[in-house]
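Subject: Structure handover

Hello,

Please find the structure below, with notes on what was found in it. The notes can be read alongside the sequence.

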Amino acid sequence: MSKTKVGIINVTGYAGIELARLLHLHPEVELTSVTGRSAAGKKLGDVFPHAASINLTIEPELGDVDIAFSAMPHKDSAQAIIPLLNKGVKAVDISADFRLKDASEYDSWYGFTHSAPQLLKEAVYGLPELHRTDITAARLIANPGCYPTSAILALAPAIKEDIIEPDIIIDSKSGVSGAGRSLRLGSHYSEVNEDISAYALGGHRHLPEITQEIALLRPQRPPRITFTPHLTPMTRGILTACYIALSPGKITIDKNGEEKIREIYRTFYQNEPFVRVLETPPHTKYTWGSNSCLIYTTIDMRTGRLIVISCIDNLVKGAAGQAIQNMNIMLGLPEVTGLEALAIFP
Ligand SMILES: NC(=O)c1ccc[n+]([C@@H]2O[C@H](COP(=O)([O-])OP(=O)(O)OC[C@H]3O[C@@H](n4cnc5c(N)ncnc54)[C@H](OP(=O)(O)O)[C@@H]3O)[C@@H](O)[C@H]2O)c1
């Protein structure tokens with residue numbers, strides 16, 4: 001039987017080339033077409049020597065495929081995807097273009113008016129741990145952002161179980177690849193190395209996405225979220241720490257309460273192949289190059305706050321790996337197909 005043909009729009013960014021690396025090893029699909037702008041016409045291996053065994057030339061336009069992944073910047077991604085959908089091609093969009101259900105949020109957070117608001121209702125937010133059933137039948141997946149993946153997975157069990165207050169603090173640290181491959185002063189080695197800084201304190205673009213998904217889990221108590229992202233001197237990885245007051249009378253502020261919360265998390269994720277609840281705080285290194293999300297919960301006994309730590313690789317569970325997980329679900333394949341590699345350590 002012939003394999004499903006897949007393609008990558010904008011293979012020359014970090015998310016795009018990570019998709020190529022993972023799809024190359026996928027046993028059930030064939031990567032047949034990759035596009036790029038300035039690199040069009042070049043062999044993929046000439047632009048990325050580590051990917052030389054993928055024998056493809058970067059094209060200006062996507063060839064015939066069954067499923068397309070878009071790793072384009074936001075706004076341009078929707079423009080690339082819409083004609084494909086019209087031709088009957090299914091799409092997984094790694095950009096933010098179909099993640100928000102309220103079209104007006106694109107004006108306020110992304111500075112453009114959405115060109116296909118009717119597709120926002122149809123697009124499925126591709127976080128399999130929350131939306132697996134809808135992903136199965138979808139033709140358009142909005143692959144979650146990297147910070148939102150780490151934050152939503154960290155918070156979902158406690159919100160769903162209604163054990164925490166709506167005031168939520170999310171403090172995240174990201175490696176520099178999260179800012180993409182395009183040249184920017186803010187990601188020059190000499191400015192990022194041996195440095196750590198908070199940014200987007202007035203409101204990061206991932207905040208409406210996190211708020212939207214958390215609100216869906218507990219509509220009766222809408223969240224109020226403070227989200228502070230940081231840039232850290234590492235290549236890959238996101239470490240997210242969430243701080244939330246426990247709701248009165250639900251969990252005892254002691255070791256028993258702590259164990260009860262861990263049990264809630266273990267039960268929530270018991271059938272999830274990529275989410276693991278640990279007994280010790282995870283390191284980003286434990287996820288490097290893998291599709292896993294590692295979570296640790298504890299109670300701050302002095303304040304009664306729940307602390308949840310989560311780690312992912314921003315380019316895998318935060319982008320390309322999760323996109324392939326979504327594709328596997330869309331194709332009816334075992335969800336872990338092509339994604340079982342362990343993290344690279346140390
Ligand atoms: N990086 C992450 O961790 C991450 C995680 C989740 C989601 N995402 C999303 O994935 C998408 C790609 O992000 P990335 O970090 O991989 O990007 P990136 O590394 O910054 O992408 C840079 C590449 O994009 C090309 N490019 C830029 N603007 C373009 C345009 N208008 N049309 C065609 N090509 C264009 C550049 O091509 P030229 O060489 O021609 O300039 C360059 O090769 C974004 O929507 C991002 O939000 C990224």
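Nine residues of domain 1 are in contact with seven residues of domain 2, where contact means that the C-beta atoms of two residues, placed from the backbone, lie within 7 Å. On the domain 1 side, helix H4 (residues 104-110) supplies the largest share of the residues that touch domain 2, namely three. By class, that side of domain 1 has five nonpolar, one polar and three charged residues. In this scheme Ala, Val, Leu, Ile, Met, Phe, Trp, Tyr, Cys and Pro count as nonpolar, Asp, Glu, Lys and Arg as charged, and the others, Gly among them, as polar. The domains themselves run over 4-122 for domain 1 and 147-314 for domain 2; these bounds come from an automatic or database domain assignment. Their C-alpha centres lie 27 Å apart.

Two points on how to read the rest. This is a predicted model, in which local features need pLDDT of at least 70 and side-chain atom pairs count only at pLDDT 80 or more, while totals for chains, interfaces and linings use all residues. Residues are numbered from 1 along each chain as its sequence is written.

The ligand

The shell around the ligand has 29 residues, of which Gly13, Arg37, Ser95, Gly180 and Arg181 come nearest. Domain 1 and domain 2 each contribute at least three residues to the shell. Helix H1 (14-24), helix H3 (76-86) and helix H11 (316-331) each supply at least two, and H1 gives the most, with three residues. Helices (H or I, at least four residues) and strands (E, at least two) are DSSP runs, numbered from the N terminus.

H7 has 15 residues and reaches 21 Å from its first C-alpha to its last, close to the 21 Å expected at 1.5 Å a residue. The expected span is 1.5 Å times one less than the number of residues in the helix. H7 bends by about 30 degrees at Ala154, and a proline, Pro157, follows within four residues. The bend at a residue is the angle between axes fitted to the seven residues ending there and the seven starting there. Of the 15 residues of H7, 14 are buried, so this helix is largely enclosed by the rest of the structure. A residue is buried if 20 or more other C-beta atoms lie within 10 Å of its own, exposed if 12 or fewer, and partly exposed in between, with C-beta atoms placed from the backbone.

The loop between H7 and E8 holds Asp162, which has a positive phi of about 60 degrees although it is not a glycine. Asp162 counts as exposed because it has 12 C-beta neighbours inside 10 Å. Ile163 is also placed in the loop between helix H7 (146-160) and strand E8 (164-174). With 19 C-beta neighbours inside 10 Å, Ile163 counts as partly exposed. Leaving out residues up to four places away in sequence, Ile163 touches Ala158, Leu246, Ser247, Lys250 and Ile251. The C-alpha atoms of Ile163 and Leu246 are separated by 5.9 Å, although these residues are 83 apart along the chain.

Helix H11 and the segment after it

H11 spans only 19 Å between its end C-alpha atoms, whereas a straight helix of 16 residues would span 22 Å at 1.5 Å a residue. A kink of about 45 degrees in H11 is centred on Gln322. H11 is mostly covered, with 15 of its 16 residues buried. Just after H11, Gly332 takes a positive phi of about 75 degrees.

Most residues other than glycine have a negative phi, and most peptide bonds are trans. Asn10 is not a glycine, yet it has a positive phi of about 75 degrees. Asn10 is found in the loop between strand E1 (4-9) and H1, and is buried, with 26 other C-beta atoms within 10 Å.

His26 sits in the loop between H1 and strand E2 (29-35). It counts as partly exposed, with 19 C-beta neighbours inside 10 Å. Leaving aside neighbours within four places in sequence, His26 is in contact with Ile324, Thr337 and Gly338. His26 and Met327 are 301 residues apart in sequence and 11 Å apart in space, C-alpha to C-alpha.

Regards

Methods: Near = placed C-beta within 6 Å.
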